[in-house]
Structures are given as structure tokens and as C-alpha cells.
Amino acid sequence: MAATAQTSNPASIFDDHNPPATEVYKKCVHCGFCLPTCPTYQLWGEEMDSPRGRIYLMKLGAEGKVSLSDTYAKHFDRCLGCMACMTACPSGVKYDRLIEATRAQLERRRRRSPAEVLHRQSIFKLLPYPKRLRAALWPAWAYQASGLRALARRSGLLKLLPSKLRSMEALLPQIRLRELSADLPELIAAQGAVRKRVGLVTGCVQRVLFSGVNAATARVLAAEGCEVIIPREQGCCGALSVHAGEEERALEFARKLIDAFERVDVETIVINAAGCGSTLKEYGYLLRNDPQYAARAKAFAAKCRDISEVLAGLEPRATRHPLPLRVAYHDSCHIQHAQGVCTQPRQVLKTIPKLELLEVPDAAICCGSAGIYNLVQPEAAAQLGDMKVKNCLSTGADVVVTSNPGCMVQLSSGLQRAGKSVPVLHMIELVDAAIQGIPAEKLQASA
Ligand code: SF4
Ligand code: SF4
């Protein structure tokens, strides 16, 4: 349907299938309050790389006053989709709706270079598919475990790689065999009296690269009296695709995930990856035009909660052992801006005795991870990553903590560039460690 969408306004560069909505972009009063919080405006100081400029470009596109050139599309490619502009906007402009609609239009209607198509397709054919990703990571594990990576880095050989491959290599986290092959059972019983029956979304990249985070999430939920159901047939939630304008693919993933969770009877659906959570909570909107799924998507979305929201709503039952650590909490954009969840992760971390929670300066600014942004816009992403790492280190933290796998990869890579061995952990890993009685030194040694 979308691929053959008609254009009733021949002047417009957009077709009739979900163009950026006039009534949404007209709410922008051009005040510019969003500019200081926009990472790309901070980097380049260009109006067209600011939220206000991009909204103006959408309007010009809809009115047919510009053509769909590479220069036009570049300003949207450069947007991180971090949604910091939405938090800053006093007029309530729903920039998330605008950028998703615009990106989907551009992906349908523009021609990318063959090299770009190949690069993007390889990302979309790999990352959302855990089996393929696992298979692809075995050689990467061998590359790391054999010492070849260290050798390649020392010798400067990596400089010979094309820039995109070089950045992918730099982003590759430490692969642990036990994580690569780990799988959770379908049911994890609650400890003590059952307080809730929850479903756990295991994600695609998260499941393969950070299966330890999923295991920690399930353990903490069980320790807090939740019966945890983990549907086997679940796949990617579609977040990576939605954020990149791959609309049809995203819809397909969303439908399958709804099917998988409808087969189990849970009152809450728990997510521990901020980027996924923001998309899952928007399923009702995403599938609004699908008569078979619209109502089901709405019901699904209404059950979705970030793990921090679930734990903040439960009086802690499991004993937390002290963790004398200075912890810098990095709010990932998709939790703070897209979901508006800021107090709950802090509230949960504060249940750990002796943990000192530190605030990171310029917390509203994205770390540069942003879905596939650090793979397709590596230079800008690295600059933002370096800024974020500098701000995290300025707190004097022993550990950096966040709630999104993309941010974990991005921050670890930035810390490596800075030559610092500070571990980056998911918030739930700290809670789990406190419940399990894992000593602080062991966590620090995991860098
Ligand atoms: S989503 Fe982020 S990068 Fe894009 S315009 Fe808004 S603040 Fe700027
Ligand atoms: S803050 Fe909102 S209204 Fe003001 S320029 Fe930015 S998007 Fe427009």
C-alpha cells in the first residue's frame, strides 16, 4: 500500500500516505527554545540542522517550494530523533510524529546511492534478527578472543578500513561467549507471594549482545515477587526500523510482537531498552490504520512499562546489599524525552544502600547512539559521544549507568577512545548486583 501511495497535490514532495501533518507542524511558533537542546544545532550551528529549521523544511516540502534533493534529505538524515526538542518545546509540537512521517516518506521517495543502500540494508537485515546477529558475532568473538583486535588496534591497521567499517569495529562491544549463547526460560517463578504477572520483552540486539541485562531484569522481577513470562516467539519490536523510516518493516515486527504477547496472559509488559520502550508505547499510533490490529495495538501499548516504572511502583521486598559506588546516571533520550521517565530510574537506584547517585552535566543532550545513527553518521555520533563521556567523567564516577543498549555501546566506545576503564552498566544490573550481594569491586573490574 505505502509503496504505491498516490499524490493528490502534485506540487508536494510528499505522497498521500502519512505525510508530515500540517496541523502538527503549524503548531511551531518559531520561538527557538528548542535550539540549545538540539545536538546537531550544537554541532554545526546551522538553522536547517535545528528542530525549527527541519520543521520549516517539512512545510516547504509539503508546499512544493523545494525539491527532494540530497541536500534536503541530508538535514533529516542528520537528525538523531533524540526528541530533546519535544521536551524543550513550550508549544507541544509533536516532533516525533513529524520526523517519523518525513523519514518514511524520504525512504520511499528518494534514491540513495548504491553504497548507502547496501550499508543500510546490511544493518536492517542483520540487527533485528537475533539468530543472524548471533551467527555474525561468532567471527567477531574470535577476532577479539584471539588477540587480533588488540593487534590490529596497536598496529594502526584499522586506519586502512573505510570509515564506516572502522566505526563499526570501534563500536563492537566486548563479546562474551556465555552471553552470546544464553537464553532465558519461558517462565520464571516469583519468589514468595506473587504480586504481578509480567511479560518481558527481550529485544533483538539486547538479547544477543546484552543477554546479561535481560537475565538481571528477570532475576530482579522474580525477587520482587513477579512471575515473569518470556514468550519464545518474540522478535524485534521494530524500533530501529520506525526510527529510520523503514515503515513497512516496522509494522510487520509490531504485528508479530503483539501476536506473541497476546498468547500469554500478562498484566504488564516490561521493557528494559529505552529505544524499544518508546516505540512499544506508541504501537497504538503506529498501527492506527490497520483494522485488524489498531485496537489490539492500543491495548498492548497500554500495558507497556519500562523496568524502572515497574520497580518504582513496587515497595522493595528483596534486600539490597550496600554498593559503595559513585554512579553517574545517563538518561537515554528515549527514556527521558520520548517516554518522560526521569524520576523512576533514580528512585530505583536510590534503594541501593551506600550508592552515590551523580547527575551528568548537559543531561538533556544525546550521546550520539540514537538507534542506527552511530552506524550511519559515525563522525557526528563520535563527537557527541566524546562530549557525553567528558561530562560523565567530570562527575568523578566509578561507574556509568544507563537504560538502553545503544547508549551502553556508545558510551563504552567513547570511554575507550578517552582511554578510561570505567564500566558502563544497565541500571538493572546494579539493582541485581545489590540483591545478589555482588561486591562493588567486582562490578568495577568489569570495565
Ligand atoms: S530530534 Fe534531536 S537532533 Fe532531531 S531536531 Fe530534535 S533535538 Fe535535534
Ligand atoms: S520550541 Fe517548539 S515552537 Fe519553538 S521553534 Fe522549537 S519546535 Fe517550534
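Buried means under 20% relative accessible area, exposed over 50%, and partly exposed in between (1.4 Å probe, protein chains only).

## Basis

This is a predicted model; local features need pLDDT of at least 70, side-chain atom pairs count only at pLDDT 80 or more, and totals for chains, interfaces and linings use all residues. Residues are numbered from 1 along each chain as its sequence is written, ligands are numbered from 1 in the order in which they are written, and side-chain values use heavy atoms, with hydrogens and water left out.

## Aromatic pairs

Rings of Phe, Tyr and Trp (its six-membered ring) pair if their centres lie within 6.5 Å; planes under 30 degrees apart are stacked, over 60 edge-to-face, the rest tilted. The count comes to 5 aromatic pairs. One is the tilted pair of Tyr129 and Phe253, with 5.6 Å centre to centre and 55 degrees between the planes. This pair links distant parts of the chain, 124 residues apart: Tyr129 lies in the loop between α7 (114-124) and α8, Phe253 in helix α15 (residues 247-262). Tyr129 counts as partly exposed, at 25% relative accessibility. Phe253, at 10%, counts as buried.

Trp138 and Trp141 have ring centres 6.1 Å apart and planes at 75 degrees, so this pair is edge-to-face. Both sit in helix α8, 3 residues apart, which is about one helical turn. Trp138 is partly exposed at 40% relative accessible area. Trp141 is partly exposed too, at 26%. Elsewhere, Phe261, Tyr283 and Phe300 form one aromatic cluster.

## Second largest pocket

On a 1 Å grid over the protein atoms alone, a pocket is an open set of points with protein on both sides within 12 Å along at least five of seven lines, and a cavity is a set where a 1.4 Å probe fits but cannot get out; lining residues have an atom within 4 Å of a point. The second largest pocket has a volume of about 1000 Å³. Its lining counts 49 residues, with Leu127, Val205, Leu209, Leu375 and Val409 nearest the centre. Helix α8 (residues 130-145) gives the most, with 5 residues. By class, the lining has 34 nonpolar, 14 polar and 1 charged residues.

## Ligands

A molecule sits in a cavity if more than half of its atoms lie within 2 Å of its grid points. Ligand 1 sits in the second largest cavity. Residues around ligand 1 include Cys38, Arg54, Cys79, Cys82 and Cys85. The shell divides into 9 nonpolar, 1 polar and 1 charged.

Ligand 2 sits in the largest cavity. Cys28, Cys31, Cys34, Arg52 and Cys89 are among the residues around ligand 2. Here the division is 8 nonpolar, 3 polar and 1 charged.

Methods. A residue is near a molecule or strand if one of its heavy atoms lies within 4 Å of it. Ala, Val, Leu, Ile, Met, Phe, Trp, Tyr, Cys and Pro count as nonpolar, Asp, Glu, Lys and Arg as charged, and the others, Gly among them, as polar. Grid points are joined across faces, edges and corners, and a volume is the space filled by probe spheres set on the points. Helices (H or I, at least four residues) and strands (E, at least two) are DSSP runs, numbered from the N terminus.
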